[in-house]
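Please consult the sequence and the model while reading.

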Amino acid sequence: MFQKILIANRGEIALRVLRAAKELGIQTVVVHSTADADAMHVRLADESVCIGPPPSRDSYLNIHQIVAACEITGADAVHPGYGFLSENAKFADILAAHNITFIGPTGDHIRIMGDKIEAKRTAKRLGIPVVPGSDGAISDPAEAKRVAAEIGYPVIIKASAGGGGRGMKVARDESDLEVALATARSEAGAAFGDDAVYIEKYLEKPRHIEIQVFGDGMGKGVHLGERDCSLQRRHQKVWEEANSPALNSAERTRIGEICANAIADLGYSGAGTIEFLYENGEFYFIEMNTRLQVEHPVTEAITGIDLVHEQIRVASGGGLSVTQDDIHFNGHAIECRINAEDPRTFTPSPGTITHFHTPGGLGIRVDSGVYSGYKIPPYYDSLIGKLIVHGRNRVECMMRLRRALNEFVVDGIKTTLPLFQELVNNPDIANGDYDIHWLEKYLAKTES
Ligand code: ADP
């Protein structure tokens with residue numbers, strides 16, 4: 001097992017990883033920017049190293065400084081959290097070259113899944129259902145028309161290097177296609193320095209359902225069920241739940257086994273999430289994230305398994321603590337992402353939190369890195385905490401969530417809490433009846 005883990009992240013996820021490391025009796029080092037000198041992860045870690053000024057590219061993305069911090073402190077492993085360097089293959093390779101363990105998959109697996117065309121090709125080869133579309137990159141309008149005619153309109157043009165929902169264009173018919181192709185390519189080129197795009201069938205009313213997987217790097221793979229993350233705004237997840245209100249247990253087992261087998265075949269190591277769009281009973285692969293997800297606690301709530309413990313175990317060569325037969329799904333869990341944002345416009349609302357009081361009681365978990373008197377720096381994302389609620393079934397979970405939201409107090413800044421108070425009382429949400437467009441339509445309809 002590792003002696004000392006360096007956590008290359010900040011905010012609630014740095015704290016999340018720190019807690020797991022402490023439970024396992026491992027020493028912790030955190031790195032931080034000058035803007036985060038007072039952050040909770042810095043206060044609770046055994047050691048901390050300031051690695052640069054506030055902008056991420058000079059601190060949390062500065063590979064050179066992070067490797068130097070490992071060497072100074074003698075850390076033998078790095079947990080990257082999510083975001084920042086968590087899906088940076090070069091970072092994983094550099095750590096390996098320095099004999100420091102990257103708590104995550106190999107650089108090569110990160111690379112394959114970071115290129116969407118390659119990821120889709122790999123998924124297909126491994127028997128994962130994919131969205132019908134072009135086999136590879138498309139640049140010629142005539143070829144685009146041929147592929148689109150074959151799969152049928154509407155189609156979506158997506159950037160191979162894409163992320164964060166950027167570089168995607170929908171074409172409703174052939175007259176849209178040429179412009180959509182040209183716009184998607186130039187947007188992709190500008191945003192990612194790579195203008196390769198591909199075409200796939202545009203699904204009109206899908207849900208976003210993702211499968212949590214784990215590989216031990218030695219040919220074993222398991223799945224931990226799904227999360228339904230259909231409630232999104234601008235492709236950013238807002239509310240996540242497990243199980244999905246749309247799936248039955250036979251469907252869960254079927255898609256879960258496909259994913260677990262794929263992970264085993266790939267020889268994948270660590271946590272991963274295979275993301276699908278789900279429509280009319282069919283799953284369509286869109287991408288795989290090769291890291292821990294923000295929404296991982298809903299899976300922890302229904303399985304009772306600490307995913308960060310498992311990541312650390314697997315990375316240290318100790319294998320998974322569970323087999324598929326040990327994994328059972330109990331009850332229902334919902335996560336609300338509490339952002340320091342206006343609940344209507346989602347404009348960031350940095351500033352000082354004058355009062356912070358979190359709910360408690362049975363089935364309530366709050367993962368947050370903030371406290372009363374904490375000043376939210378304007379440089380990073382606006383997530384200030386996650387409320388995760390567990391109940392024996394979805395009805396109990398919703399009752400408990402409604403109660404917990406009423407107890408939650410964050411003063412001094414605007415947060416998305418009022419939006420969740422609306423959602424928890426909405427009949428469509430109560431019925432689990434929503435797709436990936438529901439939230440944006442709701443926000444447009446209720447605009448004041
Ligand atoms: P990114 O990596 O940029 O987030 P994804 O491939 O994960 O890109 O897609 C992001 C979102 O775009 C999906 O959650 C979905 O809302 C929409 N989307 C992507 N592909 C399709 C598709 N084929 N049909 C309909 N919507 C899609």
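How many residues surround the ligand, and which are the closest? The shell contains 21 residues, and the closest are Lys116, Gly165, Lys201, Leu203 and Glu287; a residue is counted as near if one of its heavy atoms lies within 4 Å of the molecule. The model is a predicted one, in which local features need pLDDT of at least 70 and side-chain atom pairs count only at pLDDT 80 or more, while totals for chains, interfaces and linings use all residues. Residues are numbered from 1 along each chain as its sequence is written, and side-chain values use heavy atoms, with hydrogens and water left out.

By class, the shell comprises eight nonpolar, six polar and seven charged residues. In this division Ala, Val, Leu, Ile, Met, Phe, Trp, Tyr, Cys and Pro are nonpolar, Asp, Glu, Lys and Arg are charged, and the others, Gly among them, are polar. An N or O atom in the side chain of lysine 116 is 2.8 Å from an oxygen atom of the ligand. Lysine 201 takes part through its backbone, a polar atom of which is 2.8 Å from a ligand nitrogen atom. In histidine 235, a side-chain N or O atom is 3.4 Å from an oxygen atom of the ligand. The ligand taken alone exposes 550 Å², of which the protein buries 93%; these accessible areas come from the Shrake-Rupley method with a 1.4 Å probe.

Which elements give two or more residues to this shell? They are strand 6 (155-159), strand 8 (197-201), strand 12 (269-279) and strand 13 (282-289). Helices (H or I, at least four residues) and strands (E, at least two) are DSSP runs numbered from the N terminus. Because domain 2 (132-201) and domain 3 (207-447) both give residues to the shell, the ligand lies between them; the domain bounds come from an automatic or database domain assignment.

Five bridges join strand 6 to strand 8, and alanine 159 stands opposite valine 197 in strand 8.

Strand 17 pairs with strand 19 (residues 383-391) in the antiparallel sense over five bridges, and the bridge partner of aspartate 367 is lysine 386 in strand 19.

The backbone also deserves attention. Most residues other than glycine have a negative phi, and most peptide bonds are trans. The peptide bond from tyrosine 153 to proline 154 is cis, with omega near -5 degrees, and proline 154 lies in the loop between helix 7 (141-151) and strand 6. Alanine 242 and asparagine 243 are likewise joined by a cis peptide bond, with omega about 0 degrees; asparagine 243 is in the loop between strand 11 (236-242) and helix 9 (249-266). Asparagine 99, although not a glycine, has a positive phi of about 60 degrees and is found in the loop between helix 4 (89-97) and strand 5 (101-102).

Technical notes
A polar contact is a pair of N or O atoms within 3.5 Å; within protein, one must be able to donate a hydrogen and the other to accept it, and residues adjacent in sequence count only if both atoms are side-chain atoms. Two strands pair if DSSP finds at least two bridges between them.
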